Amino acid sequence: MIGRVGADLGLTANANVPKTDEQQTAKDFATSQEVRWCPGCGDYVILATIRSFLPELGLRRENMMFVSGIGCSSRFPYYLDTYGLHSIHGRAPAIATGLAVTRPDLSVWVVTGDGDALSIGGNHLIHALRRNVNMTILLFNNRIYGLTKGQYSPTSEVGTVTKSTPLGSVDHPFNTLSLALGAEATFAARAIDTDRKGLTEVLRQAAAHRGTSFIEIYQDCPIFNDGSFDILRKDGSEQRLIPLTHGEPIVFGEAGEYCVVRSGFGMKVVSTVEVDRGEIVVHDAHADDPDYAHALSRLSDQNLTHTVTGVFRSVVRDTYDDMVRLQNELEREKNPVDTDALQRLLTGQDTWTVE
């Protein structure tokens, strides 16, 4: 009914956002606010990475908008010299949707955490992904509630002992990427806070994608869940981390000794020497069927035996905000608004006195 718009016409995420001639640096995106997180918090390195990346976009800072919910990660708008809104618990995607629809001249970002996004904000998150609103969502996952002092979260491992689960959590946690892909996210990726190169590359691809770009960032909470992801940072992590590169065979390990092959409807990890080269899965981030990316997401489990990083999926689909604006434009063409009558209504002489 509406036809091809937005992404289908080759528009990038920031096609309508004013550019700047200013030569920007990371310092241009720093504010006078004191950065206040606990010593050793992974949020520091994520903030530094994002500040270093934003100048690449070449956008006017007054046309960039960071919306956050509630949680430690949600302090982000205070520390970036852009427009920002520290909103309410779980509702950041809904507020960002309104901005994306009404202000196509904005580059809209959401900063949230595993508790904020996946608990009280769960429905807002999945519907933003389903609608494919033109925004980038950064979900910081430390597998704990940090701001409220250490309760278990929707991504905490089974058995996690916290103030709210003194005998150990019996909840089965979300596989965050599986959830996003189940909602048919058009862009889904994962990065680790300390891997600045990997995170920057994911940010670069996400910022170019027109639609909802979803990035899960593994992030350490040194106070309430210290070392949760250390196994992915220590010697031997090459045997656990499965980096994705579009168009390349999925091979990993210090010397490429492991690979990913298909297994029934899913995938599995095997020794490279045990299979023919042609059996190794060649990563296709642009596969239209989300089942492929979903199968990749199932290689990752809470014990971090294998952790897939990089861009799982990046496909083209019309965005919600483009279609809403086009729909309204077509309606105005069919039924023009009498702007004079509207102006008379707003500035008319009828007044009332309330006593």
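## Overall form

With 355 residues, the protein chain would have a radius of gyration near 20 Å if it were a compact globule, and its value of 22 Å agrees with that; the radius is taken over C-alpha atoms, and the globule rule is 2.2 Å times the number of residues to the power 0.38. This is a predicted model, in which local features need pLDDT of at least 70 and side-chain atom pairs count only at pLDDT 80 or more, whereas totals for chains, interfaces and linings use all residues. Residues are numbered from 1 along each chain as its sequence is written, and side-chain values use heavy atoms, with hydrogens and water left out.

Taken along the principal axes, the box filled by the C-alpha atoms of the protein chain is roughly 80 × 45 × 45 Å. The secondary structure comes to nine helices and 11 strands, where helices (H or I, at least four residues) and strands (E, at least two) are DSSP runs numbered from the N terminus.

## Burial, surface and charge

Of the 355 residues, 50% count as buried, a word that stands for under 20% relative accessible area, while exposed stands for over 50% and partly exposed for what lies in between (1.4 Å probe, protein chains only). Among contacts (heavy atoms within 4.5 Å) with a separation of 6 or more, 70% are made by residues 24 or more positions apart.

The accessible surface of the protein chain is about 17600 Å², and 51% of this belongs to carbon and sulfur atoms; such areas come from the Shrake-Rupley method with a 1.4 Å probe, and for residues only the protein chains shown count as cover. There are 33 positive and 45 negative side chains, and the centres of the two sets lie 2 Å apart. Here Lys and Arg count as positive and Asp and Glu as negative, without His or the chain ends, and each charge is placed at NZ of Lys, CZ of Arg, CG of Asp or CD of Glu.

## Helix 1 and its partners

Helix 1 spans residues 43-53, and its buried residues are Asp43, Ile46, Leu47, Thr49, Ile50, Arg51 and Phe53. These buried residues pack against strand 3 (107-113), strand 4 (135-141), helix 6 (196-208) and strand 6 (212-218).

## Two buried threonines

Thr176 lies in helix 5 (residues 176-182) and counts as buried because its relative accessibility is 3%. Its side chain is joined to that of Glu216 by a polar contact of 3.1 Å, a term for a pair of N or O atoms within 3.5 Å of which, within protein, one must be able to donate a hydrogen and the other to accept it, residues adjacent in sequence counting only if both atoms are side-chain atoms. Beyond four places in sequence, the residues that Thr176 touches include Leu118, Leu139 and Phe214.

Thr319 lies in the loop between strand 11 (307-314) and helix 8 (320-334), and it is buried, with a relative accessible area of 0%. The side chains of Thr319 and Asp321 make a polar contact of 3.3 Å.

## Loop residues with positive phi

Most residues other than glycine have a negative phi. Arg143, however, has a positive phi of about 60 degrees; this residue is found in the loop between strand 4 and helix 5 and is buried at 5% relative accessibility. Leu304 has a positive phi near 60 degrees and lies in the loop between helix 7 (290-297) and strand 11, where it is buried, with a relative accessible area of 3%.
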